[in-house]
Amino acid sequence: MIRIINRKLILVALICLLAPWSSAQNATYRAFEDLNSIDPPNLEKELASFSLLDGFEISLYAATPMIEKPVQMNFDSDGRLWVCGSHIYPQLNVNEEPSDQIIVLEDTDNDGVADKSSIFYDKLIIPGGVLPDNQGGAYVANGDKLIHLSDTDGDGKADESEVLLSGFGTEDTHHTLHRLGWGPGGKMYLLQGYYISSHVETAYGPRHLNGGGLWTYDVDTRRLEIFTKGYINPWGHAVSYWGQSFESDGAGTGFGHSFPNAVFRASPGESQSLPALTPKSPKASGIEIISGKHFPPSWTGDIITNDFRANITDRYSLEKEGSSYKAKLEPTFLRSSHKSFRPVDLAMGPDGALYIADWYSPVIQHGEVDFRDERRDHQHGRIWRITAKGRPLLEKPDYKGSSINELLELLKAEENWVRLMAKQTLKIRDSEYVMVAIDQWVKALDPQDSNYEHHCLEALWTVQTLNLIDAALLRLVMKSTNAGARAAAARVLYYWNEKVPGALDLLQEAAQDDDASVRREAITALSQFSSTEAFDIALLAYSDNMDASYSFALRQTCRMLSKYWLTSLLENAISTKTDDSAWLFALMSTEDPRAAQPLIDLFKQSEKPDPEILAVLGRLANPEQLNFLTDMVSSPGNQHTNMAATGLLTAASERSVFPDENKTEALQQLFRSTKDDDVAIACALTGHWKMEEFTDQLKLNLRREHVSYSVNRSAADALAMIGTGDIGDFLRQTIDQDISVNTTKLAVYALVKIDLEQGIEAIANTLTREMDEESIRYLIRQIIRREGAFRALSHDLEGKTIPPQTAMHAIRIVQVSDREGVEVLMAALANAGNVAIESNDSNYQQNTVALLAKIKDGDAVNGKTVYLRPELACVSCHKIKGEGLTDIGPDLGSIGASAPADYIIESLLEPSKKIKEGYKSSTITTVDGDFYQGAVSFEDANKIIIKTAAGSEVSIQKSKIKSRETSKMSMMPSGLVETLPEEEFIDLLKYLTELGVSQ
Amino acid sequence: MRSNHTAKLPLLLLVMLLNACNSEEVLNFKQDEKVVFLGNAFFENAFENGEIETRISLSFPDKNITFRNIGWSGDNVFAHARTRARGGGRFGDPDHGFGILAQQISELNPDKIFIAYGFNESFEDEAGLDAYSNGLNKLLEMLSQHCSELVLISTFPMEQGFGIPTAHITNRNQMLEKYAVATKEQALKSGYRYVDLFTAFSQENGYTRNGIHLSADGYRVAAAVIANDLELPAPVVKIDSEKANEIRNTIVKKNTLFFHRWRPRNDAFVYGERKDEQRIAQEEPAQIEPFISQQEAAIQSLLMEL
């Protein structure tokens with residue numbers, strides 16, 4: 001009799017070997033100490049844990065009790081540091097009063113250490129951002145609201161709270177509204193993360209944003225707009241010298257280059273997105289751009305961001321590339337060996353130093369570790385300060401005491417924050433005087449000055465900050481000799497748009513600029529106009545050689561303006577030119593069914609038509625328009641047959657839209673093809689179109705050998721879709737004849753769909769044969785979601801004998817399914833295979849504890865070889881710092897730094913217990929009885945695309961979904977590490993727990 | 001401290017009295033009735049000052065009326081804003097919002113529902129009027145299956161100022177009025193009561209905090225208009241009395257607790273997509289219930305003392 005050893009049993013055995021039971025209690029205590037090495041908070045130790053790049057020094061600026069655990073910080077024009085923080089995170093207790101704080105820090109004696117701390121406000125719940133208004137008050141992101149706090153009596157405490165905006169989503173406290181900052185043109189920027197659905201009412205209409213995004217808010221006019229969409233944990237926003245935006249993402253894409261209308265990954269309902277600049281980077285929290293005289297000149301313009309999981313602050317240099325940038329990781333700037341050092345925000349200070357907010361906690365995020373886990377730190381926080389050795393610190397300008405002209409002179413400063421603060425101060429002055437002064441100041445500038453172009457741009461931004469318009473100044477900057485200035489001026493036109501006389505003429509020039517970034521900005525600005533003319537100008541910027549950001553910007557503008565140009569085109573008010581790839585680009589960008597006919601016309605008129613049009617028609621065309629594709633497929637020898645057939649299949653499978661002519665002729669031609677791909681499509685179309693006259697072709701192709709699997713599979717699918725006549729009999733015969741494993745599996749697959757009862761009977765019969773594990777898994781998967789199937793299979797197994805190996809595999813597969821009838825089926829399988837099931841109630845906690853104690857003796861080098869073993873299959877789903885085959889599972893590049901060891905053990909032993917954010921799988925059952933499991937990679941109103949554990953993507957029409965649920969089962973199979981000897985398991989754990997941990 | 005606008009009240013009330021009341025009879029409350037406030041930010045924001053709830057309670061201090069405010073910012077008659085990430089969807093389809101609302105109404109089982117929509121829909125301009133009327137009709141049909149007493153509340157005009165361009169406001173107000181009229185037509189057609197805030201708030205400015213949302217003072221006026229249009233009995237104590245303040249503060253406390261119960265921070269972990277990542281969190285919002293009951297009991301005893 002063969003014993004099935006449950007993975008928990010192995011652990012019980014392990015524990016027996018590892019830890020004497022008598023000292024189990026002590027082991028528990030020690031192990032938890034080992035687990036996180038939670039040193040009691042000690043500032044000196046933390047300071048000593050830093051290793052910093054040569055030439056720099058780090059010191060403490062402030063720590064608890066002077067501050068709350070810091071979330072975001074911003075300096076005001078008086079040089080005071082405003083910090084919002086939270087001891088409540090991750091969740092308010094039941095019936096607890098809000099008590100999170102805004103704290104104002106001051107370094108009154110300029111020694112680089114805060115010596116004064118005052119609580120400005122203390123009635124908040126996990127505030128995500130604070131931005132001083134430089135008039136004694138501050139804007140605060142407080143969950144579902146953006147509020148403004150003012151101190152009307154000047155006692156340094158807020159006495160009035162005004163709600164500016166409400167309706168931001170509250171789904172997830174580490175995604176709620178956060179990170180407030182000013183842009184160069186005076187707008188406020190605000191972020192929200194992935195799980196948030198916001199519905200904000202404004203005077204300009206409701207604003208809805210699902211998922212992550214960067215908002216802009218105009219305090220003066222109360223206008224709220226979406227700037228960019230996407231990213232899972234957008235966690236920082238910084239603006240460069242020339243006004244370009246960069247967003248950091250705390251979900252493993254580092255940071256990217258942002259501009260209006262841009263969409264990054266994971267934005268719900270968006271079919272396309274832009275990549276980040278550092279797609280393989282770890283999670284990045286906070287972002288700052290170095291400027292000013294204190295840091296070495298070679299650092300100016302570099303990006304600083306934090307890898308909070310690995311306790312690191314990184315530096316990247318940027319280089320212009322096309323219409324965007326490329327980023328290069330420079331040698332590590334700062335790293336700490338202290339596990340609670342969690343750099344979450346960065347800010348250049350008035351003295352030119354770089355300030356780092358340290359959340360300070362061994363536990364990060366709140367998914368993996370329980371909200372109420374005692375290892376969370378709720379008290380401590382630090383702000384560190386980095387200075388450059390031997391370089392003088394800067395004097396803070398007296399903004400408030402400066403005249404308008406003195407403030408304008410500050411616009412020449414090298415320090416980004418000085419120019420920003422000068423503009424914010426000018427905003428408070430009488431705008432009439434400021435406008436006159438700007439005019440004079442610009443006229444008096446020396447055009448020979450190497451920074452002349454930038455000074456003019458700052459003047460333009462000042463006007464924008466005042467919420468006024470100066471068309472003459474705009475024209476001046478649009479004609480600048482510097483591309484950065486021209487691009488920034490085009491961005492100003494994005495906001496001023498039709499209010500500037502002759503705006504389209506300016507943009508026509510910019511759309512044909514020599515510099516790609518200027519053209520990209522012009523394209524984006526045009527999206528804000530309401531005319532066909534704006535679209536025509538945008539198309540001038542089309543080229544066959546566009547980089548990703550550029551082509552995305554053009555796509556967005558084409559889409560946003562389609563209500564003008566596409567409508568005109570359909571009314572024949574304008575006509576496309578043949579062979580015009582720009583028009584083709586515009587039409588394909590729309591993803592609008594109304595574009596189908598113009599696309600057909602374009603194809604017909606063109607001498608060398610782009611076959612991609614045919615694929616696009618599959619997504620857009622109506623039945624009549626699809627006839628264009630069947631015509632093409634049915635004409636012998638047409639060079640576009642395959643593309644046209646693909647289009648027809650897309651229409652059928654994704655939208656259930658079928659042509660109404662020439663279907664028979666088209667199929668006849670396709671079945672005649674010598675190409676497997678054509679035949680596979682022919683089979684699929686036969687099924688979707690329910691063309692019973694081709695059933696024999698399907699039968700033939702199901703059993704055909706020496707063809708691609710896709711042909712057999714397609715034939716099986718189609719037979720199931722038709723399902724009438726003698727198809728059931730044919731499938732049963734095929735299974736009985738046992739032609740090949742593949743044919744049998746496919747026949748079972750089809751039979752289950754046609755007749756569940758017969759299908760289950762066939763599975764019971766098939767299980768009696770010798771079979772590999774994968775095939776067993778395949779057979780069981782066919783019925784795993786079918787109601788009553790487990791009981792039926794148990795019944796059919798009665799009296800049968802199946803190979804013990806088969807029984808073992810099948811039991812293991814069934815066991816984790818969590819379906820009704822599991823136990824009965826397991827018993828039936830055990831009986832038929834003559835094996836026994838050992839149940840157990842092992843003490844899981846003790847297992848973990850014992851394992852934890854052993855990790856320190858593990859060998860990480862050997863652990864890596866274990867990790868790489870093909871039979872463990874780690875590498876087939878996970879990447880490490882971007883290196884690997886697929887990204888079905890999370891990147892493990894910094895798993896050791898981000899997750900406690902007990903979490904890692906648990907994930908290996910019981911993958912389904914905690915499933916990483918974004919890697920949850922959905923199970924979908926369709927009305928046709930199909931069952932899919934995988935991660936949702938795209939979803940809109942009509943379809944959903946899921947990525948299966950095998951790495952393939954399946955598109956499912958929403959109208960065909962019968963039920964859908966979030967799977968409690970991980971896509972990671974359980975039992976992967978079951979067969980590992982203890983030592984190797986410990987080595988693997990050692991390797992994983994060290995990944996991403998600073999050495 | 002309760003603002004200089006109070007002086008304007010008589011004028012507004014005069015206007016209200018001149019406005020012929022359209023309801024055929026007085027809105028009556030029986031013992032232990034449950035009232036639901038449903039709508040966009042008009043009601044969501046109302047939970048923070050409790051004015052409307054206080055005003056109604058003061059007319060019926062011994063009736064033990066309970067209130068549940070389920071207003072949702074950005075919502076429309078299709079309940080689009082109420083869709084949630086549930087049952088495997090990362091974000092629900094907007095169309096699922098209606099079903100979620102229907103379910104919630106069925107669970108709340110109210111005796112009266114006050115409905116305030118139209119602001120968000122009005123940005124669809126003239127072209128959206130039919131869709132609004134049809135949507136409202138469908139909403140009323142659904143609600144009427146659970147509750148026979150429905151009260152429709154109109155939109156009110158935007159106020160000039162707040163940095164919002166004047167021409168824009170003028171434009172919007174023409175549209176808001178059309179949506180108010182459409183609301184009224186639906187009410188008349190279906191025989192439900194209608195409260196006309198539009199006419200009342202057209203008389204003077206100073207009742208919003210941002211041009212589009214009422215201030216606490218504005219809510220006090222709105223409450224007076226509602227009471228007038230529905231011919232509620234006079235409040236048993238003055239609305240600005242200390243007693244009334246005490247009741248109002250307790251109501252706000254109860255409302256805040258209910259908000260945390262209903263729309264908790266970490267909704268995704270408690271009710272939604274990340275539900276199985278946490279064990280403790282899921283239990284917590286339910287633990288708020290007794291505290292809500294406690295506040296409700298406090299409100300009742302304060303009212304009974306009057």
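**Notes on the predicted model**

1. As a general remark, nonpolar side chains in soluble globular proteins tend to be buried together.

2. Surroundings of Leu719(A). Leaving aside residues up to four places away in sequence, Leu719(A) touches Leu698(A), Leu702(A), Ile727(A), Leu731(A) and Ala750(A).

3. Helices H8(A) and H9(A). Helix H8(A) spans residues 471-478 and helix H9(A) spans residues 483-496; their axes come within 8 Å and cross at roughly 145 degrees. On the H8(A) side the contact is formed by Leu474(A), Val477(A) and Met478(A). These meet Ala485(A), Arg486(A), Ala489(A), Val492(A) and Leu493(A) in H9(A). By class, the residues of this contact are seven nonpolar, no polar and one charged.

4. Phe671(A). Is this residue of chain A, Phe671(A), buried or partly exposed? Phe671(A) has 17 C-beta neighbours inside 10 Å, whereas a buried residue needs 20 or more and an exposed one has 12 or fewer, so Phe671(A) counts as partly exposed. Phe671(A) lies in helix H20(A), residues 663-672. Its contacts, not counting residues up to four places away in sequence, are with Val679(A), Ala682(A) and Gln697(A). Ile681(A) is ten residues from Phe671(A) in sequence, with a C-alpha to C-alpha separation of 9.0 Å.

5. Four-stranded sheet. Chain A contains an open sheet of four strands, in the order E4-E5-E6-E7, with antiparallel pairing. Strand E4(A), residues 70-75, and strand E7(A), residues 116-124, are the edge strands, each pairing on one side only. On average, and with direction ignored, neighbouring strands of this sheet are turned by 20 degrees against each other. Within the sheet, strand E5(A) (residues 81-85) and strand E6(A) (residues 100-106) run antiparallel and are joined by four bridges. Trp82(A) stands opposite Val104(A) in E6(A).

6. Hairpin of E19(A) and E20(A). Strand E19(A), residues 245-249, pairs with E20(A) in the antiparallel sense over five bridges. Ser245(A) stands opposite Ser258(A) in E20(A). Four residues lie between the strands of this hairpin, in which Gly252(A) takes a positive phi near 90 degrees. Strand E20(A), residues 254-258, is mostly covered, with five of its five residues buried.

7. Contact between the chains. Which chain gives 45 residues to the contact, and which gives 46 residues? Chain B gives 45 and chain A gives 46. On the side of chain B that touches chain A, helices H2(B) (41-46), H9(B) (242-262), H10(B) (267-270) and H11(B) (280-287) each supply at least two residues. H11(B) gives the most to this side, with four residues. The residues on this side of chain B divide into 17 nonpolar, 15 polar and 13 charged.

Methods
Residues are numbered from 1 along each chain as its sequence is written. Chains are lettered from A and ligands numbered from 1 in the order in which they are written. This is a predicted model: local features need pLDDT of at least 70, side-chain atom pairs count only at pLDDT 80 or more; totals for chains, interfaces and linings use all residues. Two strands pair if DSSP finds at least two bridges between them. Two residues are in contact if their C-beta atoms, placed from the backbone, lie within 7 Å. Ala, Val, Leu, Ile, Met, Phe, Trp, Tyr, Cys and Pro count as nonpolar, Asp, Glu, Lys and Arg as charged, and the others, Gly among them, as polar. Axes are lines fitted to C-alpha atoms, for helices over the stretch in contact, and angles run from 0 to 180 degrees between N-to-C directions.
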